[in-house]
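Hi there,

Here is the structure I promised to pass on. My notes on it follow below.

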Amino acid sequence: MKFNKETFITGFALFSMFFGAGNLILPPNLGFKAGEMWFLVTLGFIVSAVILPLLGIFAHAKLQGTMFDFGKKVSHTFSIIYCFIVYAISITLPSPRTASVTHEIAVQPFLGTNSLLTSSIYFILVLFFVLNRSKILDILGKFLTPIIFIVILSIIFIGIFTDHPTMNNSGMDVPFVKGLLEGYQTFDTIGAVVVGGVIIISIRLKGGRSFEENKVLIRNSGTIAGIGLFIVYAGLIWNGALFSSSFIQEISRTELLSDISSHALGNIGSSFLAVLVSLACFTTAVGIVTGTSDFIKGLFNQSKLAYNITAIIGCILGILMGQLDVHDIIVVAIPALMFIYPITIILIFLNILPERYTSPLVFRVVVIATMFFSLPDFLSSVGMKTEMQPILEMLPLGIYNLGWLLPALSLLLITNVLIMKKGFY
């Protein structure tokens, strides 16, 4: 592997665009609930919040196009609809959530101002960065990410090496699956197909490299980002577990993170956390709005006006949705995630496989199966849990919200066997 200065700058920029609101508040709470079983929930969380996003970046390195290329083998119409759904989810849920977390942890405790003022100033700054997108990689990779990483590692390591009471026993039945599903809430797998496109366009703007050189750069920078995410997630979950008997079980996600920081760093902990949250959330919002704007720009023949208008709309939506508190946004996100995450995971998986195993027919069969078998999870999340429970119990892994997985993999194998034996296309 070739790791040079540009690789690290790109990798740091990618890490900062991944690392936002959910990445900070979800892992400590997961460890707090898991207690002594924190290692198992960490494994599940790493699968959905590190390994799958990293595979998404590898798929981008192979395609070097846009998110549209992920689903184009299914059909042009499917890919357009898929992109619209993903970008709509991104700018209405994870992007505004970054402003909500920033307000709850970094602004309101110190200034006591309302969320409208916070989100307005926040997204005005996001818009400034997005409209100057040619400088995004350098600003994020050289300056903001190192600060984020240093602050969060300080909280993690000091928290680990302080005295703690005995960890609580976990009440989780299947901690690995709990960690896996909680990793959905980071939006990192969806983030991979969104910000991966941002990285590719940013690299192209600099020019001077071949397709293969860009492929190596993207893969290596993705590896750096993945290692960073792994260290941070494992550290935060471990910290949450260490404090599992230190606070009341009903403590909120943001309060837990704040209390752990104060315990680790003392009075200055709140200030450090405020800086960390503000930067981490901000860089993610920039990546999401930039990716959405790039997509719409491509639909309108690379129109700069389309890019600017989309950026403005994305920031306005961020201000409006940012008025919800963090818990409400997480609850609203669950149905959207139950629907779009399985499709995204399968598209990533299909796009990293060798071409001989992923003909258009394979794509269509496997994606349609994934959509069909993930429907019970989606319907259950929107209020039909009682009606869907018998179906989920019938499906392999259905009770773990993974009823789509084995049918999709089985049809991937069966379709390829039929193609080889019967000559289908």
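Helix H9 (175-184), H15 and helix H16 (360-394) each contribute at least two residues to the lining of the largest pocket. Helices here are DSSP runs of H or I with at least four residues, numbered from the N terminus. This is a predicted model, in which local features need pLDDT of at least 70 and side-chain atom pairs count only at pLDDT 80 or more, while totals for chains, interfaces and linings use all residues. Residues are numbered from 1 along each chain as its sequence is written, and side-chain values use heavy atoms, with hydrogens and water left out.

The volume of the largest pocket is about 670 Å³. It is lined by 24 residues, and the closest to its centre are Lys 178, Leu 181, Ile 334, Met 338 and Asn 401. (A pocket is an open set of points on a 1 Å grid over the protein atoms alone, where a 1.4 Å probe fits, with protein on both sides within 12 Å along at least five of seven lines; lining residues have an atom within 4 Å of a point.)

Next, the histidine. His 60 lies in helix H3 (residues 38-63). Its relative accessible area is 1%, so His 60 is buried (under 20%, with a 1.4 Å probe and protein chains only). Beyond four places in sequence, its contacts (heavy atoms within 4.5 Å) include Thr 66, Phe 70, Val 193 and Ile 200.

Finally, Leu 406 sits in helix H17. Leu 406 counts as partly exposed because its relative accessibility is 36%, between the 20% and 50% limits.

Happy modelling!

Notes:
Points joined across faces, edges and corners; volume = space filled by probe spheres on them.
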